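Morning, everyone. Please have a look at the sequence and the model on the screen, and then I'll walk you through a few places in it.

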Amino acid sequence: MVSLTEPGLDPAARVNDQLGLAGTGFEVAHRFTDKYLMRRRLAEAAAPGIRLVACALVEDERSLRDFGAAHGYPFIVKPTCGTASFGVLKVDGPELTAAAWAEIGRLRASDHPLVHAYDLGEFIMEEYIDGPLCSAEAFSFDGHHVVATVTEAITEESNHVHVGHAIPARVSPAVEADVVRVTGAVLDALGYRDGATHTEFKLTPEGPVLIETQARVGGALLNQLISTVYGLDLQELAF
């Protein structure tokens with residue numbers, strides 16, 4: 001059983017488990033759909049080359065203040081289960097924690113369509129990583145991970161969410177090689193073996209730092225871009 005949309009990944013994995021099918025099971029799939037679980041798994045794996053990012057679950061406004069005091073400002077707040085950058089907040093200073101907590105409450109009570117597709121009750125705080133944003137579009141075959149391309153995310157200076165993409169990314173061969181290497185290490189640590197993945201990184205002087213990863217083809221028309229540039233259809237390959 002295969003899903004190429006975020007809300008279908010966990011249900012498809014449940015079917016694989018229940019029917020004994022040779023696809024991704026729930027234990028692995030949920031490491032991709034739950035961002036806090038992903039961070040915990042990477043910390044447990046302690047894989048060389050993966051730079052760990054400080055994180056914690058939001059419990060109340062005080063937890064926001066405590067995280068900022070411990071890990072500095074700015075930091076990022078986002079739903080543990082979500083997509084399309086919905087609900088992503090950047091907390092720039094201690095004076096903004098109350099506003100962030102109020103916004104979390106508003107998002108939880110929102111009538112946005114994503115509220116019905118995802119569990120937006122739980123939010124994660126993450127250390128802010130500065131640097132250009134890119135992603136690795138990969139396909140895995142029995143645990144062998146092939147990066148088809150590295151995508152450059154185009155961002156506005158005033159916005160921490162990307163507004164466009166360029167394929168291939170305008171990075172050096174050395175940076176591209178680092179992204180490919182860390183992508184494989186992340187997928188190995190999460191136990192992923194078969195299918196498409198979209199893995200996002202910030203590029204820092206110390207190397208690529210994982211932001212998040214999804215066990216599906218990337219959104220935002222990335223598959224069409226890849227098909228146009230390379231003649232490769234990752235969605236067709238997944239099926």
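In which helix does R31 lie? R31 sits in helix α2, residues 26–33. Helices here are DSSP runs of H or I with at least four residues, strands are runs of E with at least two, and both are numbered from the N terminus.

Quick housekeeping. This is a predicted model, where local features need pLDDT of at least 70, side-chain atom pairs count only at pLDDT 80 or more, and totals for chains, interfaces and linings use all residues. Residues are numbered from 1 along each chain as its sequence is written, and side-chain values use heavy atoms, leaving out hydrogens and water.

Back to R31. Is R31 buried or exposed? It counts as buried, because its relative accessibility is 10%. Buried means under 20% relative accessible area, exposed means over 50%, and partly exposed lies in between, with a 1.4 Å probe and protein chains only. The R31 side chain reaches the backbone oxygen of L190 at 2.8 Å. R31 is also in contact (heavy atoms within 4.5 Å) with L37, M38, R41, L190 and G191, leaving aside neighbours within four places in sequence.

Some of those partners take us to the next helix. H30, R31 and T33 in α2 meet K35, L37, M38 and R41 in α3. By residue class, that contact divides into two nonpolar, two polar and three charged. Nonpolar covers Ala, Val, Leu, Ile, Met, Phe, Trp, Tyr, Cys and Pro; charged covers Asp, Glu, Lys and Arg; the others, Gly among them, are polar. How do α2 and α3 pack? Their angle is about 110°, and their axes are 5 Å apart. Axes are lines fitted to C-alpha atoms, for helices over the stretch in contact, with angles from 0 to 180 degrees between N-to-C directions. The two helices, α2 and α3, are therefore roughly perpendicular. That word covers 65 to 115 degrees; under 35 is roughly parallel, over 145 roughly antiparallel, and the rest oblique.

Now the inside. A nonpolar core is a set of buried Ala, Val, Leu, Ile, Met, Phe, Trp, Tyr and Cys residues joined through side-chain atoms within 4.5 Å. The largest one has 24 residues, and F32, L42, I50, V179, V186 and F201 have the most contacts inside it. At least two core residues come from each of α2, α3 (35–45), β5 (133–141), β6 (144–155), α7 (173–190) and β8 (195–204). Helix α7 gives the largest share, seven residues. A second, separate core has 15 residues, including V58, L107, F123 and M125.

Stay with β5 for a moment, because A138 in that strand counts as buried at 0% relative accessibility. A138 and V217 are 79 residues apart in sequence, yet 8.4 Å apart in space, C-alpha to C-alpha.

Last, the backbone. Most residues other than glycine have a negative phi, and most peptide bonds are trans. Which bonds are cis here? One joins Y73 and P74, with omega about -5°. P74 is in the loop between α4 (61–71) and β2 (75–79). The bond from I167 to P168 is also cis, with omega near 0°. P168 is in the loop between β7 (162–166) and α7.

As for phi, A220 has a positive value of about 55°. L221 is near 65°, also positive. A220 is in the loop between β9 (207–214) and α8 (222–230), and L221 has its place in the loop between β9 and α8. A220 is exposed at 53% relative accessible area, and L221 is exposed at 59%.

Technical notes
A polar contact is a pair of N or O atoms within 3.5 Å; within protein, one must be able to donate a hydrogen and the other to accept it, and residues adjacent in sequence count only if both atoms are side-chain atoms.
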